[in-house]
Amino acid sequence: MTTASDLQSVSAAVVPQAKRFLQTCAEVASGAAPEAAIPLLLLATSDILGAGARLGAMVDVVPSARFEPDAGEETDLDPLRLGLAQVLEGIDEYVEVIDPVLGAELGGSSISADLATIASALTQGLAHFEAGNEIEALWWWQFSYLSIWGERAASTLRVLQLILGHLRLDVADDVAAEAEYDALQS
C-alpha cells in the first residue's frame, strides 16, 4: 500500500529531475552550445521519461480535494519553444504514427513544440510543489504524463536518437571504409 509519505518521497524525487529538464531546455534554446543541442536534449528527455515511467507505474494519485488549487500565473513558454525551434531549424519537424495502438494514421509534430509541452506540464507541477501542495503536484505530473507529456517525450526521444544516429553514422562510403581499415589495423 502506498502511503502519503511514499507519495511525498516520489514527488520530492521528481522535482530535481523536472528542474534539470527545464534548465537544459532553456540552455539549449539560448543557443549557447548548438553543437551539443541534440545530445543534451536526448539526455534531458530520457531522464525525465524515467521520472514519468515511475509516475505511470505507481497507483493513481488522488488528492484529498477534488479541485486543482490555483498555482498562479502560467509561465509563458513561447520563448522556449521559439528558441528551440531556431536551434533545431531544419530538423525540428517530424512525422509520426498518431496512435500506433489504434491505427496507422500519420501526423506531424515538432521537437520544439513537444519539449515546450513537456516543460509546461512540469512547470505546472513545480508550481504546486513549491506552493506546498506536494500531493497535488504529484497528481498533476502523473495525470499529465499519462495524458500527454509521456507520449510527447517518448516520440521526441525517438526522433532525437534517430537524428543523433544520422549525424554520427551517415558518412561517405570512402570515409567509412578508411575508418574501418584504420580500426582493423590498430
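# Salt bridges, burial and core

Guide: A search of the whole structure turns up five salt bridges. The structure is a predicted model, in which local features need pLDDT of at least 70 and side-chain atom pairs count only at pLDDT 80 or more, while totals for chains, interfaces and linings use all residues. Residues are numbered from 1 along each chain as its sequence is written, and side-chain values use heavy atoms, with hydrogens and water left out.

Visitor: Why is the pair of Arg-152 and Glu-96 called a salt bridge?

Guide: The term requires a side-chain nitrogen of Lys or Arg within 4 Å of a carboxyl oxygen of Asp or Glu. The N to O distance between Arg-152 and Glu-96 is 2.6 Å, so the pair meets this definition. Arg-152 belongs to helix α5 and Glu-96 to strand β1, 56 residues apart, where helices (H or I, at least four residues) and strands (E, at least two) are DSSP runs numbered from the N terminus.

Visitor: Which other residues are linked with Arg-152 and Glu-96 in the network of salt bridges?

Guide: The network also includes Asp-114 and Glu-151. The closest N and O atoms of Arg-152 and Asp-114 are 2.9 Å apart, and because Arg-152 lies in helix α5 and Asp-114 in helix α4, this pair ties together parts that are 38 residues apart in sequence. For Arg-152 and Glu-151, the closest N and O atoms are 2.5 Å apart.

Visitor: What makes a set of residues the largest nonpolar core, and which residues touch the most other members?

Guide: A nonpolar core is a set of buried Ala, Val, Leu, Ile, Met, Phe, Trp, Tyr and Cys residues joined through side-chain atoms within 4.5 Å. The largest has 45 residues, of which Phe-21, Trp-141 and Trp-149 touch the most other members. Two or more residues come from each of α1, α2 (37–57), α3 (78–87), α4 (111–130) and α5, and α5 gives the most, with 11 residues.

Visitor: Which residues is Trp-141 in contact with, beyond its neighbours within four places in sequence?

Guide: Contact means heavy atoms within 4.5 Å, and the partners of Trp-141 include Val-14, Leu-55, Leu-126, Phe-129 and Trp-149.

Visitor: Why is Ser-144 called buried?

Guide: Ser-144, which lies in helix α5 (residues 134–169), has 3% relative accessibility and therefore counts as buried. Apart from neighbours within four places in sequence, Ser-144 is in contact with Ala-121, Trp-149 and Gly-150.

Technical notes
Buried means under 20% relative accessible area, exposed over 50%, partly exposed in between (1.4 Å probe, protein chains only).
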